[in-house]
Amino acid sequence: METQKWLSIAAICISLIQMSIAVGSTSKEDDKITSLPGQPQVSFNQYGGYITIDEYQNRALFYYFVEAETEAASKPLVLWLNGGPGCSSLGAGAFSEHGPFRPSGGANLTVNEYSWNKEANMLYLESPAGVGFSYSANESFYDLVNDTITAQDNVVFLEKWFLKFPEYQNRSFFITGESYAGHYVPQLAQLIIESGLQFNLKGIAIGNPLVEFNSDINSQGEYYWTHGLISDECYGLVNSVCNMSQLWRESFITGSLSDGCKLVNSEISAEIPYEIDNYDVTADVCLSDDSSTTAQKHPLRARFKILSSSRSRFEGGENIDVCVQEKTGTYLNMKQVQAALHAKLIGISHWSFCSQVMNYDERNLEMPTIDVVGSIVSSGIRVLVYSGDQDSVIPFISTRTLVDGLANKLKMNTTSTYKAWLQDKQVGGWTQVYGDILTYATIRGASHMAPFSSPSRSLTLFTAFLAGTPLV
């Protein structure tokens with residue numbers, strides 16, 4: 001009798017889930033974007049809109065989807081997630097990194113020559129609710145957000161999105177992202193695998209990812225010193241008085257600094273001026289009077305510079321607009337742009353790169369996900385971990401050590417030893433492959449947001465990843 005009772009409850013739960021998925025499942029044509037303001041003419045389709053995650057709480061996630069430039073019906077589907085936690089995949093991934101367009105000022109867009117939709121159908125998700133245009137009408141949700149909720153909501157999003165776009169249900173599927181997506185991506189992949197969902201998951205890729213807090217954050221001190229950003233004396237203090245992970249905890253968990261950490265913080269602040277971007281230590285910064293895109297000062301959120309006029313950096317002759325993030329903020333806050341995207345401002349007065357309303361459980365940052373990455377590898381799903389080598393926030397120093405340690409733990413043989421890979425007869429970075437399923441790669445000259453600062457090399461890496469071919 002008791003067994004029958006629980007079977008009945010389970011059946012009811014399954015029914016409710018199915019009803020939840022079905023509710024609000026409108027045609028994808030309702031979300032089709034005719035044209036974005038200032039957009040050059042293109043031949044591929046674009047979609048933007050909401051997937052309701054919780055009908056009762058009125059919680060919905062915003063997505064932007066661009067089909068591949070050519071042969072969309074045969075190319076894979078790629079989900080992209082930015083990190084933060086709490087930063088926008090629309091503003092960063094889609095409009096500042098590897099989407100088809102980049103804002104050039106005002107209501108104007110230019111074509112991104114190195115858009116990832118040259119190789120795949122790209123799905124950008126603003127997650128969790130409270131990020132960008134995604135929202136919860138019940139604002140108490142914003143005080144409860146953590147990794148578990150984010151992964152569960154993202155699974156529901158995908159289930160409902162595939163109902164709206166059934167032609168992609170059996171398509172080769174990849175999950176990608178950067179920074180705190182070192183949590184989001186493997187946790188989502190693991191949940192998909194454990195749930196037995198019929199998504200054709202082929203691989204995951206994470207760039208400059210947070211996967212082991214102590215290792216990743218403490219490697220900042222070594223990176224600063226080896227790149228000439230701090231003095232020998234300051235490096236000595238970091239190693240003996242207050243390391244970087246301790247400084248982070250006291251800043252963001254306890255809220256007060258010990259005398260040792262005050263000293264280290266003061267020395268680092270004096271030696272690394274604000275005109276150095278920790279996320280791209282060799283780049284110029286944007287000089288702009290626009291303060292609307294300023295992010296919270298958070299160790300895993302890009303510091304969007306707000307000084308005065310625009311300058312650029314170059315990657316192999318490519319002109320990189322270092323003010324594209326500021327221009328993206330201006331563009332996405334235009335009413336005509338929001339209308340074209342089918343986006344709404346719910347409970348906020350303006351769109352921002354990183355959430356101003358959501359309180360993410362900061363304790364989750366210290367939960368390692370390197371073993372979750374290992375479980376993905378063990379399930380037979382291909383994994384790419386890559387690092388822009390000019391990032392001091394999640395330095396490659398830690399990441400490559402963690403990947404190598406994971407390979408050793410899983411007893412994986414090196415199938416391609418550490419070597420340089422080339423793009424257009426120039427070194428694109430370095431790479432090492434384990435068991436033909438786990439790959440580590442650096443992107444030479446790239447920042448924390450590698451596709452922004454090194455677009456052509458990032459596209460080369462992305463293309464090889466999708467094809468499952470080695471970098472050469």
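**Labels and the values behind them**

Author: Gladly. R363 counts as exposed, because its relative accessibility is 60% and the cut-off for exposed is over 50%. Please keep in mind that this is a predicted model.

Reader: What makes the contact of R363 with D361 a salt bridge?

Author: The side chains of D361 and R363 meet with N and O 2.9 Å apart. The limit for a salt bridge is within 4 Å, so the pair qualifies. A search of the whole structure finds 9 salt bridges.

Reader: How do you know that K118 and E69 form a salt bridge?

Author: The closest N and O atoms of K118 and E69 are 3.3 Å apart, and the limit is within 4 Å. K118 sits in the loop between β5 (108-111) and β6 (121-126), while E69 sits in the loop between β2 (59-66) and β3 (77-81), so the pair ties together parts that are 49 residues apart in sequence.

Reader: Why are K118 and E69 called partly exposed?

Author: K118 has 26% relative accessibility and E69 has 28%.

Reader: Which residues do salt bridges with shared partners join into one network?

Author: D54, R59 and D153 are joined in that way.

Reader: What happens at the start of α3, and which of its residues are buried?

Author: A side-chain oxygen of N146 reaches to within 3.1 Å of the backbone nitrogen of T148 at the start of the helix. The buried residues of α3 include D147, T150, D153, F157, W161 and K164.

Reader: What does W161 touch, and what is its place in the largest nonpolar core?

Author: Beyond four places in sequence, W161 is in contact with I51, Y63, F65, L77, L123 and Y168. The largest nonpolar core has 134 residues, and W161 is among those with the most contacts inside it, together with Y64 and L341. Strand β2 gives the most to this core, with 7 residues.

Reader: Why is helix α9 called largely enclosed?

Author: Helix α9 (residues 324-332) has 9 residues and 7 of them are buried, so it is largely enclosed by the rest of the structure. Among the buried ones are V324, E326, Y331 and L332.

Reader: Why is S88 called buried, and what surrounds it?

Author: The relative accessible area of S88 is 0%, so it falls under the 20% cut-off and is buried. S88 is found in the loop between β3 and α2 (89-98). Leaving out residues up to four places away, S88 touches N82, G93, E126, V131, W351, S352 and F353. A polar atom of its side chain lies 2.9 Å from the backbone nitrogen of G91.

Reader: What makes Q390 buried, given that it is found in a loop?

Author: Its relative accessible area is 12%, and buried means under 20%, so Q390 qualifies. The loop runs between β12 (382-388) and α12 (396-409). Beyond four places in sequence, Q390 touches residues including Y223, N278, Y279 and A446. Its side chain also makes a polar contact with the side chain of D389, at 2.9 Å.

Reader: Where does pLDDT stay under 50?

Author: One such stretch is residues 1-25, with 9 contacts beyond four places in sequence. Another is residues 301-312, with 59 such contacts. Where pLDDT is low, the predicted coordinates should not be read in detail. For the protein chain, the mean pLDDT is 89, and 88% of its residues reach 70 or more.

Terms used
Residues are numbered from 1 along each chain as its sequence is written. This is a predicted model: local features need pLDDT of at least 70, side-chain atom pairs count only at pLDDT 80 or more; totals for chains, interfaces and linings use all residues. Side-chain values use heavy atoms; hydrogens and water are left out. Helices (H or I, at least four residues) and strands (E, at least two) are DSSP runs, numbered from the N terminus. Buried means under 20% relative accessible area, exposed over 50%, partly exposed in between (1.4 Å probe, protein chains only). A polar contact is a pair of N or O atoms within 3.5 Å; within protein, one must be able to donate a hydrogen and the other to accept it, and residues adjacent in sequence count only if both atoms are side-chain atoms. pLDDT is the predictor's confidence in each residue, from 0 to 100. Contact means heavy atoms within 4.5 Å. A nonpolar core is a set of buried Ala, Val, Leu, Ile, Met, Phe, Trp, Tyr and Cys residues joined through side-chain atoms within 4.5 Å.
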